[in-house]
Amino acid sequence: MVKLIKKGVYYIDGKLVKANEVSENAKKKTLAYKILSAHNTGDDKKLKIKFDEIVSHDITYVGIIQTAKASGLKEFPIPYTLTNCHNSLCAVGGTINEDDHVFGLSAAVKYGGSFVPPHIAVIHQYEREARAFAGGMILGSDSHTRYGALGTMAIGEGGPELVKQLLEKTYDIDMPEVVAVYLKGKVRKGVGPHDVALALIKEVFKSGFVKNKVLEFIGSGIEGLSIDFRNGIDVMTTETTCLSSIWETDDKVKDYYALHGRPEAYKELKAENGAYYDKAVVINLSKVEPMIALPFHPSNAYTIRDFLSRPYELLKKAEEEGNKLLKDGGFNLTDNIVDGKVYVNQGVIAGCAGGMYENIALATEIIGDTPLTNGEFSLSVYPSSQPVYKGLVDNGYISKLLEKGAIIKTAFCGPCFGAGDTPKNNGLSIRHTTRNFENREGSKPGNGQLSAVALMDAKSIAATAKNGGFITSAMDIEHKTRIKKYKYDDAIYNARVYNGTKKAETNKDLVYGPNIADWPKMEELKDNLLLKVVSVLQDKVTTTDELIPSGETSSFRSNPLKLAEFALSRKDPGYVQRAKDTQKEEIPAKFNLDKDVTTFGSVVCSIKPGDGSAREQAASCQRVLGGVANICVEYATKRYRSNLINWGMIPFLIDKNNFEVGDYVYIPNVKELLRSGALEFKAKILNKNKDITLRIDPLTDAEKDIILKGCLINYYRG
């Protein structure tokens, strides 16, 4: 299905040709290079990007606006869309979620932005329908910010990077490598976008093959894919750990923009003949089969055919991984095997990956006239926007689903992060959503609760529903592939979306609820640094969900101190108290260090932190609790490392994580070393009298200054 080419290739006359040499000029023929260069204010190697637009949802926009306001924001200099699809249920924490929504609307009015009310659209579907445009660049405070299939290079980052854009600064990165994703062949009946995406993720994630690179989709296979299909693959590229994605455009993209009332947004984008790519991924669409990604990662993927041939073996492996997360074990998945078949308790089709018109319409056709009266099994469907919902209603699909027993819900991202449809203990949920990480979808390992989610395409979820809740490939169910044509109606957006772009009413006040709090003061870095190790994580990868859990904690993301109480709660419950104790602690006298010239703070040591969400709170919570650095073997994503830097924390590296809780790590002359651009730091574990060497990857001048000042807010205050 998927082949990796580890060396450079040229794209000549529609085919990939292995390169014997690297051509810098041919690199400039890629779509990625052209779009990045058009938005670059720096040189060709050290990019300083200014985005066309930015977008946030209701877990992130309060903190972004509060930070920008504290840094001198007067009005939004570029279009900024505030959406509400994460805390939109207003079900946890009393009034505080709706208070955030009111704050967001007041900010859109005051500073000149757009505001999409709760339940109207999930963030990325709204951007596809109303904001994306070919050749543009959009920065979002959500990791799944991907609109490459529409010709828009979009990047998901932590909130501070959006703050920089609001303050008319730049997004600074080295020119990324570009990887060709060459699509050929045609998908078979029963195969959906999630199947292609999971096949891709399986092949590239663990090796880091495309980490922090741009994926450029080319090849004859694109032509046979609908726009919903392309969008469904594209949004999942986040799970490969790539930086961004971009696709060649064609008449189908042109028709999409015309359908949505924005024909001017289209531009033909084609890689030039002879374009050079640093690597390549070849996907033969004709060979892709329906896939399932078992707990606890999208890369833990198998063909459904393979999975059903050895369910006990594969579920047992997932079971063993789950029991590592629980103190007393008790996690059981193999009990879901009944007479050799695998029974699931629920199916969910939702969000920016699953909730599109085509996915839901085809799922309806597959279910057909079969009632979903299957005992415990339930099917929940979340259309990704109200226009999509209306299109499904107008064409009769919603009525059919309701008649057969499906549950229809509004546009909401909750099933992706644990705020909706949490499965039962030891149950198994199949979902066409973006993620199935551990400590997600409602898991609370500290309380003995662990959610088990497997990712599948909407087509195979529908086939499973039709088959009584027993996992079934859509290739094994006879069904129609023709669906009724979607007609987009923007009346809903015209009626409900506030569009105040470039219409700032600066005399208006922001409306604050009692849970919206300012950031506490962050201290500048002193000459020397003493770190106390308050948590040591030995997992191969630590996700942002483990650094700061999702779900009900989302309600507190407008209050830095309250949110910090949840930091590492599902991975290291003692962390918060140890960090607080360190904040109160004086530098031990036995170390004979001058406190006037020595910063004393806490540090989390790990192997590979930061996979998953772009949420800045994974870093800011550590900072609020007195964190001054991270020490790890490798950072899982650029965006997590950027979040650390923007919150004034030093992203140290070390070859092995041999630290223990309670160690004191001293780094002399850290301020001068950082300022000079040093990449190695001689340090000592004082309580063990052990010399060590810490490293750091190169920092830009701005990044150095942000760390020295103590955080981005201090940096912009001057």
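**Briefing on a predicted single-chain model**

Gly 405 sits in the loop that runs between helix 15 (397–404) and strand 22, where helices (H or I, at least four residues) and strands (E, at least two) are DSSP runs numbered from the N terminus. This is a predicted model, in which local features need pLDDT of at least 70 and side-chain atom pairs count only at pLDDT 80 or more, while totals for chains, interfaces and linings use all residues. Residues are numbered from 1 along each chain as its sequence is written, and side-chain values use heavy atoms, with hydrogens and water left out.

**The chain as a whole**

- The chain contains 26 helices and 34 strands. Its radius of gyration is 25 Å, close to the 27 Å that the globule rule gives for 718 residues, so the chain is as compact as a globular protein of that length; the radius is taken over C-alpha atoms, and the rule is 2.2 Å times the number of residues to the power 0.38.
- Along its principal axes, the C-alpha trace of the chain spans about 75 × 60 × 55 Å.
- Of the 718 residues in the chain, 65% are buried, where buried means under 20% relative accessible area, exposed means over 50%, and partly exposed lies in between (1.4 Å probe, protein chains only).
- Among contacts in the chain with a separation of 6 or more, 77% are between residues 24 or more positions apart, a contact being heavy atoms within 4.5 Å.
- The accessible surface of the chain comes to about 25600 Å², and carbon and sulfur atoms account for 48% of that surface; accessible areas come from the Shrake-Rupley method with a 1.4 Å probe, and for residues only the protein chains shown count as cover.
- The chain carries 94 positive and 89 negative charges, whose mean positions are 2 Å apart. Lys and Arg count as positive and Asp and Glu as negative, without His and the chain ends, and each charge is placed at NZ of Lys, CZ of Arg, CG of Asp or CD of Glu.

- Seven strands form an open sheet with mixed pairing, in the order 17-16-24-23-20-21-22, and two strands count as paired if DSSP finds at least two bridges between them. Strand 17 (301–303) and strand 22 (407–408) stand at the edges with a single partner strand each, so one side of each is left without a neighbour in the sheet.
- Strand 16 (residues 291–293) and strand 24 (residues 453–456) run antiparallel and are joined by two bridges; across this pairing, Ile 292 has Met 456 as its bridge partner, and Ala 293 has Leu 455.
- Strand 23 (residues 429–432) pairs with strand 24 in the parallel sense over three bridges, and Arg 431 stands opposite Leu 455 in strand 24.
- In a regular strand the side chains alternate between the two faces of the sheet. From strand 24, Val 453 and Leu 455 point one way and Ala 454 and Met 456 the other way, and all are buried.

**Residues in loops**

- Gly 405, with 42% relative accessibility, counts as partly exposed. Gly 405 and Leu 379 are 26 residues apart in sequence, and their C-alpha atoms are 7.7 Å apart in space.
- Lys 608, in the loop between strand 28 (598–606) and strand 29 (609–611), counts as buried at 18% relative accessibility. Its C-alpha atom is separated by 4.9 Å from that of Glu 634, 26 residues apart along the chain. Leaving aside residues up to four places away in sequence, Lys 608 touches Lys 540, Val 541, Thr 542, Glu 634, Tyr 635 and Ala 636.
- Gly 158 lies in the loop between strand 9 (153–156) and helix 6 (159–166) and counts as buried at 0% relative accessibility. Residues up to four places away in sequence aside, Gly 158 touches Ala 614, Glu 616 and Asn 643, and its C-alpha atom is separated by 5.4 Å from that of Ser 141, 17 residues apart along the chain.

**Backbone geometry**

- Most residues other than glycine have a negative phi, and most peptide bonds are trans.
- Pro 295 and Phe 296 are joined by a cis peptide bond with omega of about 20°, and Phe 296 has its place in the loop between strand 16 and strand 17.
- Asn 426, which is not a glycine, has a positive phi of about 65° and is found in the loop between helix 16 (414–417) and strand 23.
- Asn 592 also has a positive phi, near 55°, and lies in the loop between helix 21 (575–584) and strand 28; with a relative accessible area of 71%, Asn 592 is exposed.
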